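The sequence and structure are shown first, and the points are then grouped by topic.

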Amino acid sequence: QVQLVESGGGLVQAGGSLRLSCVASGSIFSINAMGWYRQAPGKQRELVARIISGGSTNYADSVEGRSTISRDNAKNTVYLQMNTLKPEDTAVYYCAVDLLVGTGSRRYWGQGTQVTVSS
């Protein structure tokens, strides 16, 4: 079993910043990637940012330049620093961890943390 615990969400005014954290624990043997996804009401879940084991990152166009994803391998923790937040960033943010399993991988999800940006 793998457990993901997210923290750092909340209510913030437009232009503000938040830092999300996600700690992975349990049967973690080989993490391939860690990332953040979000889902706004009535919309599909979408990638926000992802960091793979080698340190490469990729971001959604909507957050590029405003957000930074980082990872502490020793703590099995991934962070998402979000700056200059906009009302359209309002969503439930989910942490995801991809573990290497055999020749493939398996994704685990956290329960989500609400981020609300007021205008």
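**Salt bridges and burial**

Arginine 66 counts as buried, because its relative accessibility is 11%, under the 20% cut-off for that class. The model is a predicted one, and a search of the whole structure finds five salt bridges. Side chains of opposite charge can pair when their charged atoms come close.

**The pair of arginine 66 and aspartate 89**

- Arginine 66 forms a salt bridge with aspartate 89, and their closest N and O atoms are 2.8 Å apart.
- Arginine 66 lies in the loop between strand S6 (57–59) and strand S7 (67–72), and aspartate 89 in the loop between strand S8 (77–82) and strand S9 (91–101), so the pair ties together parts that are 23 residues apart in sequence.
- Aspartate 89 is buried, with a relative accessible area of 2%.

**The pair of arginine 38 and glutamate 46**

- A salt bridge joins the side chains of arginine 38 and glutamate 46, at 2.8 Å from N to O.
- Arginine 38 is buried at 6% relative accessibility, whereas glutamate 46 is partly exposed at 36%.
- Arg38, Glu46, Arg66 and Asp89 are linked in a network of salt bridges.

**The pair of arginine 107 and aspartate 98**

- Arginine 107 and aspartate 98 form a salt bridge in which the closest N and O atoms are 2.7 Å apart.
- Arginine 107 counts as partly exposed, with a relative accessibility of 35%.
- Aspartate 98, by contrast, counts as buried at 5% relative accessibility.

Note on methods:
Residues numbered from 1 in each chain as written. Predicted model: local features only at pLDDT ≥ 70, side-chain atom pairs only at ≥ 80, totals over all residues. Heavy atoms only, no water. Salt bridge = Lys/Arg side-chain N within 4 Å of Asp/Glu carboxyl O. Buried < 20%, exposed > 50% of the residue type's maximum accessible area, 1.4 Å probe, protein only. Helix = DSSP H or I, 4+ residues; strand = E, 2+ residues; numbered from the N terminus.
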